[in-house]
Structure formats: structure tokens, C-alpha cells
Amino acid sequence: MEQGLSKHCSCQMETLWEIAHISAVSDPQCVSGLRHEIMEFFNASAFPQPDLADLETAIGEACTNALKHGSPRGDLDEVRAKCMKNRHTLIVEISDNGCGFDPERAPAPTPDKLLEGGMGVFLMKALTDTVEFEFRHGTTVRLVKHLRETPESN
């Protein structure tokens with residue numbers, strides 16, 4: 001595990017959810033390690049690789065936003081992830097110490113105004129099934145991805 005990361009796993013069999021808690025110091029060098037640790041937990045699931053790749057991109061955006069906008073004290077803060085999975089659903093909550101923002105005011109990109117940066121909320125919504133925001137004791141972004149039914153699984 002990279003320096004600055006901590007991980008705690010537990011299995012709650014009564015609800016059939018596996019849960020992991022992962023955290024990293026709010027340091028730009030720790031974002032990729034945090035994303036990697038989260039995806040290591042989710043890669044051991046039955047989800048197709050394209051869905052996992054979409055989730056990884058959304059997680060990267062959430063982690064980057066937490067680092068850039070949710071760490072007022074810099075590397076004295078940390079970014080926390082609560083990862084949950086069962087056979088049909090993957091959920092990750094990325095939490096930081098930021099004061100929050102209005103997600104409805106995050107502009108959707110237009111083809112004539114594609115900028116580097118500023119597309120995080122749009123990408124999270126486009127690549128996951130549900131995106132929720134909570135603004136208590138910092139900011140938490142919850143990303144949910146459901147397993148799609150395929151003809152072979154019926």
C-alpha cells in the first residue's frame with residue numbers, strides 16, 4: 001500500500017455486503033493510490049470490465065475534486081472512501097473536509113466549450129447509475145453502479 005494510505009476491510013454477512021474503508025492524505029501524489037486501492041476492492045466482483053472502467057473514471061473525478069476543493073488545510077486533511085459491494089451493486093462514498101457546493105450549478109459541458117477541468121460532476125453522472133451529494137461534516141459524494149441484466153444471466 002502506498003505511503004499515506006490506510007485501509008480497513010470488514011464483511012457484513014447478514015446483509016451480504018462487503019465493506020472497505022480507505023483513506024489517504026490530501027496530497028496530489030496520493031490520489032492515484034487511493035483510486036487504485038478502491039478499484040482493487042471492486043475489481044474482485046462479477047461486474048464487466050467496461051462498467052468497472054466507467055466507475056474508475058468517476059471515482060478518479062470524485063477523488064480529484066475532494067483533493068482540489070475539499071481539503072482546505074492541504075495535506076493536513078484526508079480524503080476518505082467507504083466502499084461497499086454485493087453481487088448486484090457497487091457503492092463508493094468519497095468524503096472530504098470541504099464546505100460543499102451546489103451540484104445543480106455545475107455546468108454541463110457543451111461541444112463548443114470543452115475545457116480541461118470542470119467536467120467532474122458531469123462525468124460522474126454520465127458514468128454511474130446514481131450520484132448523490134451530502135454536505136454534513138464536509139462533503140460526501142456517493143457513486144452507485146448496478147450490474148446490468150444480460151440475456152445470458154436470465
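**Fold, core and helix packing**

Of the 154 residues of the protein, 38% count as buried (under 20% relative accessible area, with a 1.4 Å probe and protein chains only). The model is predicted: local features need pLDDT of at least 70, side-chain atom pairs count only at pLDDT 80 or more, and totals for chains, interfaces and linings use all residues. Residues are numbered from 1 along each chain as its sequence is written, and side-chain values use heavy atoms, without hydrogens or water.

The protein has 3 helices and 6 strands. Helices (H or I, at least four residues) and strands (E, at least two) are DSSP runs, numbered from the N terminus. Their order along the sequence is β-β-α-α-β-β-α-β-β.

The largest nonpolar core holds 32 residues. Such a core is a set of buried Ala, Val, Leu, Ile, Met, Phe, Trp, Tyr and Cys residues, joined through side-chain atoms within 4.5 Å. Ile38, Phe42, Ile59, Cys83, Val92, Ile94 and Leu143 touch the most other members. Elements that each supply at least two core residues include β2 (17–25), α1 (28–43) and α2 (49–69). The most comes from α2, with 8 residues. Beyond its neighbours within four places in sequence, Ile59 is in contact with Arg35, Ile38, Met39, Phe42, Val92 and Leu143 (contact means heavy atoms within 4.5 Å).

Helices α2 and α3 pack at an angle of about 150°, and their axes lie 9 Å apart. Axes are lines fitted to C-alpha atoms over the stretch in contact, and angles run from 0 to 180 degrees between N-to-C directions. The two helices are therefore roughly antiparallel (over 145 degrees). On the α3 side, the contact is made by Gly120, Leu123, Met124 and Leu127.

How values were computed:
Buried means under 20% relative accessible area, exposed over 50%, partly exposed in between (1.4 Å probe, protein chains only). Angles under 35 degrees count as roughly parallel, over 145 as roughly antiparallel, 65 to 115 as roughly perpendicular and the rest as oblique.
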